[in-house]
Amino acid sequence: METAIAFVSGSLALLSDAVHMLTDAFSIILALVAMRLAARPAKGTYTFGLKRVEILSAQANGLTLLLAAVWLGYEAVVRLLHPPEVTGWMVLATALTGVAVNLAAAWCLSKANRASLNVEGAYQHILNDLYAFIGTAVAGVVVMTTGFARADTIATLFVVVLMVKAGCGLLRDSGRILLEAAPAGLDPDAIGDRLATAPHVAEVHDLHIWTITSGEPALSAHVLVHPGGDCHAVRRDLDTLLAETYGLTHTTLQIDHEDPGGATDHAPHPAAVSAPAGAGAAPHCANGHGPTHRREPHAH
């Protein structure tokens, strides 16, 4: 309906709003499907289940926003150079209807769990559409009162900016999860240093912090305990520290005793160095990843 009115009134702003609403519907359907798939229990080769489907959905939402923004941006530039006739009252009436609909939709989604990147993506679609309709309504008033037809195109460019901002944000956030980056607010170096200062801990290496899906951070690490230390007690203490201080409850800690003959508190542990060919006992981690954290000052 809005698309038909956009063509009749000659308004690119209304057409951009219609395209944006189409991507809204697509994002909501995709979000619902992804949520159903992510809720399935882990089994078979999918040891985390299908939780990452949510992130793929967010990627798709971000990509659709950017593609739509490119097309609308091109059309806006063309109309800035050659502005068509625009029927202002039709633009205003349709935009005000769109404002009312998107206010209701945004209110409903604001009550959902927006910690989910998938839900947040759908919410951003609708919120941006609300702002776009407000801008279109303003353009309709300007066209009606002044006859300045380019106001409709300027409103379209406003919509394009919103779409690019939301699309880039979704692609950035979902891309960080797909690339196994540490969650925002969690510094792996700081956490590794904190673990290394725990009682009886000699060294922490192969520390990995990533996000399984939105709101589900995970950590794994190899921890070396001083000879004579209680490995089980150290693991319990570190689990408690990670949960209470950093909110990390999905943790996997490999605990081993430090080699009393090969590593001291003031020398690099052989775990941080690859074993040479033909060497005797292999280090704990032949191909370690990331820095080694110890109690004394060290480079990251």
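A crossing of two helices counts as left-handed if the near helix is turned anticlockwise from the far one by less than a right angle, and as right-handed if it is turned clockwise.

**Before you start**

What you have open is a predicted model, where local features need pLDDT of at least 70, side-chain atom pairs count only at pLDDT 80 or more, and totals for chains, interfaces and linings use all residues. Residues are numbered from 1 along each chain as its sequence is written, and side-chain values use heavy atoms, with hydrogens and water left out.

**Stop 1: the whole chain**

Show everything as a cartoon. Helices (H or I, at least four residues) and strands (E, at least two) are DSSP runs, numbered from the N terminus. Going along the sequence, the pattern reads α-α-α-α-α-α-α-β-β-α-β.

The chain exposes about 15,300 Å², with carbon and sulfur atoms supplying 65% of it; the area comes from the Shrake-Rupley method with a 1.4 Å probe, and for residues only the protein chains shown count as cover. Of the 300 residues, 45% count as buried. Buried means under 20% relative accessible area, exposed means over 50%, and partly exposed is in between (1.4 Å probe, protein chains only).

**Stop 2: helices 3 and 6**

Select residues 53-81, which are helix 3, and residues 150-178, which are helix 6. The two pack at an angle of about 155°, and their axes are 7 Å apart. Axes here are lines fitted to C-alpha atoms, for helices over the stretch in contact, and angles run from 0 to 180 degrees between N-to-C directions. Helix 3 and helix 6 are therefore roughly antiparallel to each other. The scale goes like this: under 35 degrees is roughly parallel, over 145 roughly antiparallel, 65 to 115 roughly perpendicular, and the rest oblique. And here's your opening definition at work: helix 3 passes helix 6 in a left-handed crossing.

Zoom in on R150, which sits in helix 6. Is R150 buried, partly exposed or exposed? R150 is partly exposed, with a relative accessible area of 32%. Leaving aside neighbours within four places in sequence, R150 is in contact (heavy atoms within 4.5 Å) with L80, L81 and P83.

**Stop 3**

You're left with an open sheet of 3 strands in the order 1-2-3, with mixed pairing. Its edge strands are strand 1 (201-211) and strand 3 (250-257), each pairing on one side only. Two strands pair if DSSP finds at least two bridges between them. Strands of a sheet pair through backbone hydrogen bonds, either parallel or antiparallel.

Which sense does each pair take here? Strand 1 and strand 2 pair in the antiparallel sense over 8 bridges, while strand 2 (residues 217-225) and strand 3 pair in the parallel sense over 8 bridges. Strands 1 and 2 also form a hairpin with 5 residues between them, and G215 in the turn has a positive phi of about 80°.

Stay on strand 1, where 10 of the 11 residues are buried. Click D206 in this strand: its phi is near 50°, a positive value in a residue other than glycine. Most residues other than glycine have a negative phi. D206 is buried, with a relative accessible area of 15%.

Next, click S220 in strand 2. S220 is buried too, with a relative accessible area of 18%, and its bridge partner in strand 3 is T252. Not counting residues up to four places away in sequence, S220 touches D206, L207, H208, W210 and T252.

**Stop 4: helix 7 and its surroundings**

Bring the helices back and select residues 188-196. This is helix 7, lying across strand 1 and strand 2 and running at about 150° to strand 1. Helix 7 also packs against helix 8 (residues 231-246) at an angle of about 140°, with axes 11 Å apart. That makes helix 7 oblique to helix 8. Show side chains for the contact: A190, I191, R194 and L195 of helix 7, with L238, L241, L242 and Y246 of helix 8. This time the crossing is right-handed.

Finish in the loop between helix 7 and strand 1, at H200. H200 has a positive phi of about 75° although it is not a glycine, and H200 is partly exposed, with a relative accessible area of 48%.
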